[in-house]
Amino acid sequence: MTTTALPRKRVAWGRVALHAGCLAALLVMLYPLAWLLATSLKPANEVIASLNLLPSHLEWSNYSTALQGVNGVSVWRLLGNSLLIAGGAVLGNVLSCSLAAYAFARLRFRMRRPLFAFMIATIMLPHHAVLIPQYIIFNKLGLVNTYWPLILPKFLATEAFFVFLIVQFMRGLPRELEEAARIDGCGPFRSFFAIVLPLTRPALITTAIFTFIWTWNDFFTQLIYLFDPGKFTLTLALRSFVDASSQSSFGPMFAMSVIALLPIVLFFLAFQRFLVEGMASSGLKG
């Protein structure tokens, strides 16, 4: 055996070990999803008592029960409520955070750097610290038990993380494009909507993906503001499912969990390419 064959053999075994390790890690991360899918098809007496991953027989009635909804509200209405809140949050974050980011990245005004630093510092502020003041404000405005407390703050650029993400991306864009537009008579708003906004599509899609996932999975904020079962989302309906029928409804509850998971998976798969591109570009620019 030649001396050059040994390093090649070691490299080959190293790649095999690396791929095996990655495959093992993938199986560990996918096991909760597989368990969820399998449990959604288990009979009621096997959900808690049985430790087997696969059910003894497929209980499709769990999904038919889940589709009936809870508290007299169908799963389609719950799904529509979730999509309404998540869609409004995505629209608000993309519009307001991009405008705020454009101001910090391109415009020159007094106290720009201190204000940007203060905005970044709010990322460390816990959400629960501002929840009570926000609830008092919305309660005095008569907006509690409506969707406005869940959507309206998104239109005020309150998500500092997304503002910072888009700022980092905009700082890497060539200023010559805006200068040429300014010579042609474009003002700041027209330059923003006609030139800067289309070029920041990867960062905007990244913002939309994270906003959709975080809003869809949000439970605590929706629990605070929504009381009417007709306005519940799928996330709140899962808790109501357990409270209404206790352990006998674990199968339908997991079936509804699978239904609630599908929009997130489809949304992520549709835009995952832009997510990687936006995160990479925003991390390298600026």
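Modeller: Let me begin with contact, which means heavy atoms within 4.5 Å. This is a predicted model, in which local features need pLDDT of at least 70 and side-chain atom pairs count only at pLDDT 80 or more, while totals for chains, interfaces and linings use all residues. Residues are numbered from 1 along each chain as its sequence is written, and side-chain values use heavy atoms, with hydrogens and water left out.

Colleague: Which residues does Met170 touch, not counting residues up to four places away in sequence?

Modeller: With those neighbours set aside, Met170 touches Ser98, Ala101, Tyr102, Ala105, Arg106, Phe192, Val196 and Thr200. Ser98 is 72 residues apart from Met170 along the chain, and their C-alpha atoms are separated by 9.4 Å.

Colleague: Is Met170 buried or exposed?

Modeller: Buried means under 20% relative accessible area, exposed over 50%, and partly exposed in between, with a 1.4 Å probe and protein chains only. Met170 has a relative accessible area of 0%, so it is buried.

Colleague: Why is H8 described as largely enclosed by the rest of the structure?

Modeller: Helices are DSSP runs of H or I with at least four residues, numbered from the N terminus. Helix H8 spans residues 160-170 and contains Met170; because 9 of its 11 residues are buried, H8 is largely enclosed by the rest of the structure. Among the buried residues of H8 are Phe162, Leu165 and Phe169.

Colleague: Where does Arg113 lie, by contrast?

Modeller: Arg113 lies in helix H5, residues 112-121, and counts as exposed because its relative accessibility is 66%. Leu23, in helix H1 (residues 5-39), is partly exposed because its relative accessible area is 49%.

Note on methods. Helices (H or I, at least four residues) and strands (E, at least two) are DSSP runs, numbered from the N terminus.
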